[in-house]
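Here are a few notes to read alongside the model. I hope they are handy when you open the coordinates.

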Amino acid sequence: MRVDAKDMGADLKTVLITKEEIDAKLVDLAAEIDAEYAGKDLLIVGVLKGAVMVMADLARALSTPVTMDWMAVSSYGAGTQSSGVVRILKDLDTDIKGKHVLIVEDIIDSGLTLSWLISNLGSREPASLKVCTLLRKPEAAKVAIDVEWVGFDIPNEFVVGYGLDYAEKYRNLPFVGTLAPHVYGG
Ligand code: 5GP
């Protein structure tokens, strides 16, 4: 682990999930996804910006040929509580009608963003629509969502790293960690 080399070590409270654990989990998830989509064309949709790392690493762990597209949505107003009000900042470039679509998420917290995304993309009549997320916080769920592939269920704490930010920082940490209270004024 090269936390200090990246000069972010003092900002972290704990390393929750190591790079090695993430790598191993993505290999397992990729094998299951390969089995599910064997012989089918698959479009994977990443939700910017948090899912960039998991998209890149999951895509390379898959044997199934995929095409990739991106959506950017905003669901948070002030603070860190999901409002459920979602705005599309960048829509897909692809028409997904009749396609097998897999949404790739970094984290499901309240589930409100994903729930909106599923209904929005579902209305575009894909052949199938499933979800893979690296992280999920079961205690924070406000809506029940059927998620086919979950990397890790984690406690209801704010996490950073591996794509996830606090004020746009820490996305390039190769692991998932929690922040020291002094960072967010706690
Ligand atoms: P939800 O609608 O499920 O409450 O929120 C989903 C989005 O909130 C995620 O895509 C992510 O951008 C943000 N989010 C939720 N929990 C966390 C967290 O613990 N850390 C970070 N960095 N972002 C989070």
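1. The chain holds 3 helices and 9 strands, where helices (H or I, at least four residues) and strands (E, at least two) are DSSP runs numbered from the N terminus. Read from the N terminus, the order is β-α-β-α-β-β-β-α-β-β-β-β.

2. A word on provenance: this is a predicted model, in which local features need pLDDT of at least 70 and side-chain atom pairs count only at pLDDT 80 or more, while totals for chains, interfaces and linings use all residues. Residues are numbered from 1 along each chain as its sequence is written, and side-chain values use heavy atoms, with hydrogens and water left out.

3. On overall dimensions, the radius of gyration is 16 Å, which agrees with the value near 16 Å for a compact globule of 186 residues; the radius is taken over C-alpha atoms, and the globule rule is 2.2 Å times the number of residues to the power 0.38. The C-alpha trace spans about 50 × 35 × 30 Å along its principal axes.

4. Of the 186 residues, 44% are buried (under 20% relative accessible area; exposed is over 50%, partly exposed in between, with a 1.4 Å probe and protein chains only). Among contacts (heavy atoms within 4.5 Å) between residues at least 6 apart in sequence, 66% join residues at least 24 apart.

5. Leu134 is worth a click: leaving out residues up to four places away in sequence, its contacts include Ile22, Leu26, Val54, Val150, Phe152 and Tyr162.

6. Finally, some backbone geometry. Most residues other than glycine have a negative phi, and most peptide bonds are trans. The bond from Leu48 to Lys49 is cis, with omega near -5°, and Lys49 lies in the loop between E2 and H2.

7. What is the phi of Glu168, and what of Tyr170? Glu168 has a positive phi of about 70°, and Tyr170 one of about 80°. Glu168 counts as partly exposed because its relative accessibility is 46%, whereas Tyr170, at 3%, counts as buried.
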